[in-house]
Amino acid sequence: MDVKTAFLNGQLSETIYVEQPTGFKDPKKPNHVCKLNSALYGLKQAARVWNKTLEAYLSEIGFQRLDPDNGVFIHTKITVIIAVYVDDLLLFGPKRIEIDSIKTRLNNRFNMSDLGPCHFYLGIEIIRDRPKRIIYLS
């Protein structure tokens with residue numbers, strides 16, 4: 001799954017001001033600045049804020065971050081694992097109904113695109129032989 005405009009989902013915990021955007025300057029107050037309420041693309045904190053927002057929501061719905069790999073979350077009661085790389089999420093587990101339930105919950109919280117079965121992830125090709133129940137990674 002791909003989170004659309006992921007970085008715009010995070011609320012900032014610190015106070016950040018930016019110059020008025022070109023084309024939107026207030027002619028009566030040209031030297032004033034704007035206070036950001038949420039993260040923006042290009043903001044150095046945006047990726048961290050998005051990651052914390054995603055982690056908080058995943059924790060809320062029963063996932064726990066794995067210590068050996070901070071990009072992997074496992075559900076504490078059902079067998080669903082989520083691998084996260086910035087705004088791309090790879091969900092897997094033995095029961096399709098559980099995966100679909102988690103996808104629905106994620107999509108209700110964040111605007112997401114379901115990209116279907118995974119064929120490539122982080123440069124790794126994934127080949128499934130469903131009749132033999134084998135997955136090849138190349």
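Which residues make a nonpolar surface patch of about 270 Å²? Some notes on that and a few other things, bearing in mind that this is a predicted model.

1. The patch. Leu 8, Leu 40 and Tyr 41 make it up. Leu 40 sits in the loop between strand E3 (33–35) and helix H1 (46–60). With a relative accessibility of 37%, Leu 40 counts as partly exposed, because that class runs between 20% and 50%.

2. The largest pocket. Its volume comes out at about 1,200 Å³, and 32 residues line it. If you want to find the centre, look for Leu 90, Leu 91, Phe 92, Cys 118 and Arg 128, which lie nearest to it. By class, the lining has 19 nonpolar, ten charged and three polar residues.

3. Strand E7 (88–92) gives the largest share of the lining, five residues. Helix H2 (96–109) and strands E9, E10 and E11 are also on the list of elements that each supply at least two.

4. Salt bridges, starting with Arg 48. The whole structure has four salt bridges. In one of them, the side chains of Arg 48 and Glu 14 meet at 3.4 Å, N to O. This pair links distant parts of the chain, 34 residues apart: Arg 48 is in helix H1, and Glu 14 is in the loop between strand E1 (2–3) and strand E2 (17–19). Arg 48 is partly exposed at 45%, and Glu 14 is partly exposed at 33%.

5. Another one on H1. Arg 65 and Glu 55 form a salt bridge, with their closest N and O atoms 2.9 Å apart. Arg 65 belongs to strand E4 (residues 63–65) and Glu 55 to helix H1, so the bridge ties together parts ten residues apart in sequence. Arg 65 is buried, with 18% relative accessible area, while Glu 55 is partly exposed at 24%.

6. And one on H2. Asp 114 pairs with Lys 103 in a salt bridge, the closest N and O atoms being 3.1 Å apart. Here Asp 114 comes from the loop between strand E8 (112–113) and E9, Lys 103 from helix H2, and the two are eleven residues apart. Lys 103 counts as buried at 14%, whereas Asp 114 is partly exposed at 46%.

7. Two backbone spots to look at. Most residues other than glycine have a negative phi. Leu 122, though, has a positive phi near 50°, and Arg 133 has a positive phi near 55°. Leu 122 is in the loop between strand E9 (120–121) and strand E10 (124–129), and is exposed at 54%. Arg 133 is in the loop between E10 and strand E11 (134–137), and is exposed at 77%.

Methods: Residues numbered from 1 in each chain as written. Predicted model: local features only at pLDDT ≥ 70, side-chain atom pairs only at ≥ 80, totals over all residues. Heavy atoms only, no water. Helix = DSSP H or I, 4+ residues; strand = E, 2+ residues; numbered from the N terminus. Buried < 20%, exposed > 50% of the residue type's maximum accessible area, 1.4 Å probe, protein only. Patch = residues over 30% accessible without salt bridge, like charges linked within 9 Å, V, L, I, M, F, W, Y side chains within 5 Å. Areas by Shrake-Rupley, 256 points an atom, 1.4 Å probe, with all protein chains shown as cover. 1 Å grid on protein atoms, 1.4 Å probe; cavity = no way out; pocket = protein on both sides within 12 Å on 5 of 7 lines; lining within 4 Å. Points joined across faces, edges and corners; volume = space filled by probe spheres on them. Nonpolar A, V, L, I, M, F, W, Y, C, P; charged D, E, K, R; others polar.
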